[in-house]
Amino acid sequence: MSMNRQGRKTNIDQSSSDQADAMTVSGNKALQIEEPILFDLGDTQTTGVDFADVAPFESRLNGLERIDEFGLVGLSEPETMRHYVRLSQKNYSIDTGIYPLGSCTMKHNPRLNEKIARLQGFMDIHPLQPQSSVPGAIDLMDELAHWLMELTGMKAIALSPKAGAHGELCGMMAIKAAHEARGSTKNIVLVPDSAHGTNPATAALVGYKIRSVPAQEDGTVTVASVKEALDDDVAAIMLTNPNTGGVFEREIVEIAKLIHEVGAYFYCDGANFTAIAGKVKPGDLGVDAMHFNLHKTFSTPHGGGGPGSGPVVLSKRLAPFAPLPFLVKEGESTRLVENANDRVDETSPFGRMTAFHGQFGMYTRALTYMMSHGADGLKQASEDAVLNANYLRASLSDYMSLAFGEDHICMHEVLFDDAFLKGTGVTTRDFSKAMIDEGFHPMTVYFPLIVNGAMLVEPTESESKASLDQFIEVMIVLAKRAKQGDAEPFLNAPRFTPRRRLDETGAARKPILRWSPNNKTST
Amino acid sequence: MRYLPLSPDDRRAMLAKVGVDHVDALFADVPNDKLLDKLPDLPLAASELEVERQLSQMAARNLSAGQSKGFFVGAGAYRHHTPATVDHLIQRSEFLTSYTPYQPEISQGTLHVLFEFQTQICMLTGMDVANASMYDGSTATAEAVLMARRVTRRKKAILSGGLHPQYRAVVENMQRFSGGDLVQMTPAIAEAEDLISQIDDQTACVVVQYPDFFGQISDYSELAEAAHVKKALLIIVVTEIVSLGAIKSPGSMGADIVVAEGQSLGCGLDFGGPYVGLFATRQKYIRQMPGRLCGKTVDVDGQQGFVLTLSTREQHIRREKATSNICTNSGLMALAFSIHLTLLGEKGLRQLAMINHANAVQLADELGKINGVDVLNDSFFNEFTIRVPGSAHDLVEALAAKQLLAGVPVSRLHGDGTLEDLLVIAVTEMNSAEQITDLAAAIEGEIS
């Protein structure tokens with residue numbers, strides 16, 4: 001890879017006068033075009049949409065007409081196109097290159113998903129038009145539910161949660177409702193210290209106290225440590241499996257038994273289900289509730305931070321408490337139960353998570369993806385994801401420091417710590433910024449919290465061997481360079497991005513969260 | 001399989017590098033008897049053509065709004081025209097397939113848009129600050145109530161009877177599980193409800209909708225004052241954001257938190273989601289806000305740039321002490337919203353709002369002439385409530401059988417056997433004058 005060797009010699013971190021030489025008149029750098037803030041660009045009288053005039057009529061606005069100008073700026077259509085295209089070019093994406101954010105599962109987003117979601121019969125239907133007019137939509141939800149329950153071996157499902165954390169909330173509400181139904185007042189939830197922040201935040205939101213369970217060195221939880229933390233006040237445990245360090249919880253079955261013995265429930269954070277789909281059924285492990293992130297495992301796009309979709313599968317014990325709306329079979333057809341008064345026998349829905357029926361547009365995408373893969377493809381995808389991560393692990397173990405030692409296999413993601421950078425003056429953050437200059441999106445950094453300077457790498461099954469080999473080659477050179485004491489390129493990275501390191505402290509100390517004429521700044 | 005780049009040779013070479021014979025050796029931590037020995041009972045891989053064929057058949061069984069003979073369904077989700085530019089831009093790879101902007105140097109596109117989005121929301125709602133979006137209007141409402149509880153250190157929320165019934169259900173659920181208290185007013189259609197006398201020194205917030213579920217538009221200035229006297233917050237919920245191109249901003253009435261469903265701009269109907277929740281408040285409350293915030297800053301060269309900020313409120317830092325458990329928001333729909341609003345601008349939004357209102361006035365006037373139909377609203381924007389003789393549900397079903405989607409029977413949402421004769425009807429720029437006249441005629445035909 002000549003680009004690395006060349007990259008070193010070009011010595012981009014030059015003196016400021018050299019930097020001035022690199023400036024252009026416009027501030028643009030060829031394909032990197034500077035784009036102003038919308039409100040410095042347009043005015044309130046420009047519009048990019050044509051409307052017919054309205055004939056005079058008597059308004060019914062109760063005298064509350066909005067009269068004064070409120071400042072929204074409009075652009076013509078070509079200006080709009082350019083504004084957003086230029087902005088888009090300042091983003092990295094999975095379509096650009098490897099995006100190995102651990103725990104985030106940035107896999108290929110097939111465009112068939114988008115095409116299907118935009119079929120008129122799916123996109124242009126209203127959640128409150130008569131159910132009799134949307135049998136195909138209800139069947140699609142039923143079909144998705146079937147796939148998700150079969151893949152997990154679980155008995156019931158709540159489709160409506162809007163994202164992973166909302167799914168966690170749904171699962172924990174079902175658990176609390178189940179406790180309440182039998183008069184239990186247990187008030188403690190066990191959460192390992194390796195968990196996603198959403199886990200303790202969710203349990204706290206539904207009124208539980210958090211009791212932390214110390215993780216082993218490899219982030220896993222043992223029967224012994226659960227036993228230690230367990231008493232009659234424990235209502236549930238929240239475990240991520242595979243865990244946030246990319247390791248399968250070896251004692252999960254025994255832990256589930258232990259939890260059930262004291263009348264508590266087992267919530268599984270399914271964020272990492274991509275590692276085991278088609279290989280293991282959480283229902284076989286003793287799980288009572290587990291959310292999916294359809295936007296992770298089943299490739300509905302992340303969209304720069306959502307929308308997500310977080311259906312929750314439930315065990316037989318929790319099934320009656322599934323929230324509204326839920327699907328019931330009536331003869332040949334399926335119906336959505338939308339109101340508590342309309343509920344069927346043996347159900348006791350705990351309430352409602354959201355208006356309408358959830359992220360239907362994500363259901364279509366996820367089902368499209370699953371049908372494309374099929375049972376065999378999903379299994380192969382899980383195996384490839386795990387193989388890719390282990391290939392990175394084996395290829396990088398001599399150059400970077402594996403958090404759990406060299407002999408420890410991983411699932412779909414591999415965790416490094418910053419021991420290999422010790423004494424180099426280069427931090428995990430610096431290292432990740434140097435990766436940006438090399439054309440890669442960095443891995444997840446500083447998470448999980450249980451290891452120092454964590455670097456959590458999740459390649460996913462979407463990367464080819466050639467892509468991984470290129471990544472490995474660059475990582476090895478970077479690691480060697482850092483260890484040789486050549487810290488400068490790391491400390492100054494990134495150098496080739498539209499913006500270099502940003503002042504986050506300043507942003508938080510004096511937050512500027514909106515444009516206003518007063519904080520207008522020219523670049 | 002077309003999504004998987006590894007060839008059998010690649011796999012063999014990689015397994016050799018890893019030092020194992022079979023991929024199952026990498027699953028060695030899975031208890032032996034739990035590793036599946038056969039595939040899940042699901043169909044096998046299918047070609048793009050085959051998947052498209054099967055799902056197209058499913059889609060074709062739905063009566064879409066565009067294929068119907070008239071579409072007047074609203075009640076929290078509205079059918080508007082989205083310019084083609086919007087859907088093209090949100091499908092650009094760099095927007096569609098990027099993650100939350102945790103690495104700002106290679107996410108300036110998304111961050112720049114969020115900063116503009118937050119500004120647009122502030123201007124629309126008349127508020128000081130807005131976040132980078134929530135899941136949808138209903139969950140944003142529940143988050144607003146939780147925030148009011150944090151700000152006031154009180155537990156009670158008072159919900160107007162004019163708040164969307166499913167929003168009420170979502171708030172009720174959240175209050176119940178999080179140890180809050182709730183007072184729910186009975187719906188009083190097109191009549192003033194006495195919320196002020198309900199406010200006491202335990203009240204964290206009063207939640208009203210504007211225009212309300214039945215379409216009525218009320219001035220909440222006095223309610224805001226009364227709430228503030230008792231140190232409670234006023235939360236104003238907007239489910240039809242286009243209305244704010246025509247009527248005074250909630251901020252100008254004294255709202256402390258404004259939450260809204262942004263679906264009308266940029267999002268389709270999508271059978272209920274994904275939509276985009278809007279959340280705005282006063283400057284003094286920013287550290288109590290839920291959700292992501294984008295802020296302006298500079299880079300090491302002094303150039304203007306953007307970052308996610310104030311993240312010490314959030315779950316990944318604060319864990320169980322976070323202001324909310326929310327993580328993923330509705331980024332792509334926020335982008336769609338923002339692009340649509342940029343195309344409209346203030347001028348276009350006002351025009352769009354006025355067309356909506358004019359069309360609704362036309363329908364209300366035509367329905368008002370029908371014997372047996374009462375238009376209950378004395379004010380409305382693009383949606384209003386009528387009383388029909390008998391069951392609104394039966395009327396809607398009868399019209400749907402004729403491919404006319406006439407509105408939402410209130411009983412479907414209340415579900416308690418009351419208000420069975422009420423129908424909420426929405427009219428937008430999508431409805432032609434002819435469709436409006438046809439709907440009035442069809443309703444008249446059904447009830448006479």
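The charged end of A:Lys162 sits over the ring of B:Tyr275, 6.0 Å from the ring centre. A charge sits over a ring if NZ of Lys or CZ of Arg is within 6 Å of the ring centre and within 35 degrees of the ring normal. A:Lys162 also meets B:Asp136 in a salt bridge, at 3.4 Å from N to O. Here a salt bridge is a side-chain nitrogen of Lys or Arg within 4 Å of a carboxyl oxygen of Asp or Glu. In chain B, the charged end of B:Arg176 lies over the ring of B:Phe177, 4.4 Å from its centre.

The model is predicted: local features need pLDDT of at least 70, side-chain atom pairs count only at pLDDT 80 or more, and totals for chains, interfaces and linings use all residues. Residues are numbered from 1 along each chain as its sequence is written, chains are lettered from A and ligands numbered from 1 in the order in which they are written, and side-chain values use heavy atoms, with hydrogens and water left out.

The interface was examined next. Chain A brings 210 residues to the contact and chain B brings 195 residues. Contact means heavy atoms within 4.5 Å. The area buried between the two chains is about 17,500 Å², and carbon and sulfur atoms give 63% of it. Buried area is the accessible area (1.4 Å probe) that two parts lose on being put together, summed over both. Of the area that chain A buries against chain B, A:Arg60, A:Arg66 and A:Leu513 supply 5%, more than any other three residues.

Across this interface, 13 salt bridges are found. Residue pairs in polar contact across the interface number 105, both residues being at pLDDT 80 or more. On the side of chain A that touches chain B, the largest share, 27 residues, comes from α13(A). A polar contact is a pair of N or O atoms within 3.5 Å; within protein, one must be able to donate a hydrogen and the other to accept it, and residues adjacent in sequence count only if both atoms are side-chain atoms. Helices (H or I, at least four residues) and strands (E, at least two) are DSSP runs, numbered from the N terminus.

Over all chains, the structure holds 40 salt bridges. One of them pairs A:Glu114 with A:Arg365, with the closest N and O atoms 3.0 Å apart. This pair links distant parts of the chain: A:Glu114 lies in helix α4 (residues 111-117) and A:Arg365 in helix α13, 251 residues apart. Both A:Glu114 and A:Arg365 are buried. Buried means under 20% relative accessible area, exposed over 50%, and partly exposed in between (1.4 Å probe, protein chains only). A network of salt bridges links A:Glu114, A:Arg118, A:Arg365 and B:Asp87.

B:Glu52 forms a salt bridge with A:Lys115, with the closest N and O atoms 2.9 Å apart. B:Glu52 is in helix α2 (residues 48-60) of chain B and A:Lys115 in helix α4 of chain A, so the pair joins two chains. B:Glu52 is partly exposed at 22% relative accessibility. A:Lys115 is partly exposed at 44%.

Rings of Phe, Tyr and Trp (its six-membered ring) pair if their centres lie within 6.5 Å; planes under 30 degrees apart count as stacked, over 60 as edge-to-face and the rest as tilted. A:Tyr92 and A:Tyr99 are both buried. Ring pairs also link A:Phe273, A:Phe292, A:Phe298, A:Tyr369 and B:Tyr3 into a cluster.

A:Arg501 lies in the loop between α16 (488-491) and α17 (504-509) of chain A. This residue is buried, with a relative accessible area of 19%. Polar atoms of the A:Arg501 side chain lie 2.9 Å from the backbone oxygen of A:Phe490 and 2.7 Å from that of A:Ala493.

Most residues other than glycine have a negative phi, and most peptide bonds are trans. A:Ser299, not a glycine, has a positive phi of about 65 degrees. A:Ser299 is buried at 1% relative accessibility. A cis peptide bond joins A:Phe447 and A:Pro448, with omega about 0 degrees.
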